[in-house]
Amino acid sequence: MSFGEKLKKIRLDRNLTLSEVSKAIDIGKSSLSEYENDITRPSLDKFFRIIEFYHVNENYFYGDTHVFLDLSTLSDETKEKIYAILAHDEIYKK
């Protein structure tokens, strides 16, 4: 199951509309629709808003095939460097 399919499934399983989720996490309804249809991927900031809203961790969407870093112990400078590297990663440009 793709990222978008999982995103749509969790929303529907919780009987939520795109509008409700959009308002709750301050992401445009059209953007959420694009994520659910695997047209685009959310930025890291938006991705973290989504997982916080649904109270799931990253593995819900990506399983055990992705490695995630705990950024909470890193300095802001180090986090910015990581975000800059990820901004050039093809998966986030899709």
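This note sets out numbered points on a predicted model of a protein.

1. Overall make-up. The protein has 94 residues, of which 29% count as buried. Its secondary structure consists of six helices and zero strands. Along the sequence, the order of elements is therefore simple to state: the pattern reads α-α-α-α-α-α. As for contacts between residues at least 6 apart in sequence, 50% of them join residues at least 24 apart.

2. Packing of α2 against α3. Two packed helices are described by the angle between their axes and the distance between the axes. Helix α2 covers residues 18-25 and helix α3 covers residues 29-36; they pack at an angle of about 115 degrees, and their axes are 9 Å apart. The two helices are therefore roughly perpendicular to each other. The crossing in which α2 passes α3 is right-handed. On the side of α2, the contact is made by Leu-18, Ser-19, Val-21, Ser-22 and Ile-25, and on the side of α3 by Lys-29, Leu-32, Ser-33 and Glu-36. Sorted by class, this contact has four nonpolar, three polar and two charged residues.

3. Packing of α2 against α4. Helix α2 also meets α4: the axes of these two helices come within 10 Å and cross at roughly 110 degrees. Here too the description is roughly perpendicular, because the angle falls in the range of 65 to 115 degrees. Val-21, Ala-24 and Ile-25 are the residues of α2 that meet α4, where their partners are Arg-49, Ile-50, Phe-53 and Tyr-54.

4. Aromatic pairs. The structure holds three aromatic pairs. One of them is formed by Phe-3 and Phe-47, whose ring centres are 6.1 Å apart with 45 degrees between the planes, a tilted arrangement. This pair links distant parts of the chain, since Phe-3 belongs to helix α1 (residues 3-13) and Phe-47 to helix α4 (residues 44-54), 44 residues apart. Both Phe-3 and Phe-47 are buried. Phe-47 also pairs with Phe-48: the ring centres are 5.7 Å apart and the planes stand at 65 degrees, so this pair is edge-to-face. Through such ring pairs, Phe-3, Phe-47 and Phe-48 are linked into a cluster.

5. Phe-47 has a relative accessibility of 4% and so counts as buried. Phe-48, with a relative accessibility of 25%, counts as partly exposed. The reason for the two labels is that buried means under 20% relative accessible area.

6. Surroundings of Tyr-35. Tyr-35 is found in helix α3. Its relative accessibility is 4%, so Tyr-35 counts as buried. Leaving aside residues up to four places away in sequence, Tyr-35 touches Phe-3, Gly-4, Leu-7, Ile-27, Thr-40, Arg-41, Pro-42, Lys-46 and Ile-50. Among these is Gly-4, which is 31 residues from Tyr-35 in sequence but 5.4 Å away in space, C-alpha to C-alpha. Phe-3, a member of the aromatic cluster, is also among the residues that Tyr-35 touches.

7. Positive phi in two loops. Most residues other than glycine have a negative phi, and most peptide bonds are trans. Asn-15 has a positive phi, near 55 degrees, without being a glycine. Asn-15 lies in the loop between α1 and α2, and at 66% relative accessibility it counts as exposed. Asp-26 is a second residue with a positive phi, about 55 degrees, although it is not a glycine. Its place is in the loop between α2 and α3. With 64% relative accessibility, Asp-26 counts as exposed. A reader examining backbone geometry may wish to look at Asn-15 and Asp-26.

8. Asp-45 and Tyr-83. Asp-45 lies in helix α4. Its relative accessibility of 47% means that Asp-45 counts as partly exposed. The C-alpha atoms of Asp-45 and Tyr-83 are separated by 9.8 Å, while the two residues are 38 residues apart along the chain.

Methods:
Residues are numbered from 1 along each chain as its sequence is written. This is a predicted model: local features need pLDDT of at least 70, side-chain atom pairs count only at pLDDT 80 or more; totals for chains, interfaces and linings use all residues. Side-chain values use heavy atoms; hydrogens and water are left out. Axes are lines fitted to C-alpha atoms, for helices over the stretch in contact, and angles run from 0 to 180 degrees between N-to-C directions. Helices (H or I, at least four residues) and strands (E, at least two) are DSSP runs, numbered from the N terminus. Angles under 35 degrees count as roughly parallel, over 145 as roughly antiparallel, 65 to 115 as roughly perpendicular and the rest as oblique. A crossing is left-handed if the near helix is turned anticlockwise from the far one by less than a right angle, and right-handed if clockwise. Contact means heavy atoms within 4.5 Å. Ala, Val, Leu, Ile, Met, Phe, Trp, Tyr, Cys and Pro count as nonpolar, Asp, Glu, Lys and Arg as charged, and the others, Gly among them, as polar. Rings of Phe, Tyr and Trp (its six-membered ring) pair if their centres lie within 6.5 Å; planes under 30 degrees apart count as stacked, over 60 as edge-to-face and the rest as tilted. Buried means under 20% relative accessible area, exposed over 50%, partly exposed in between (1.4 Å probe, protein chains only).
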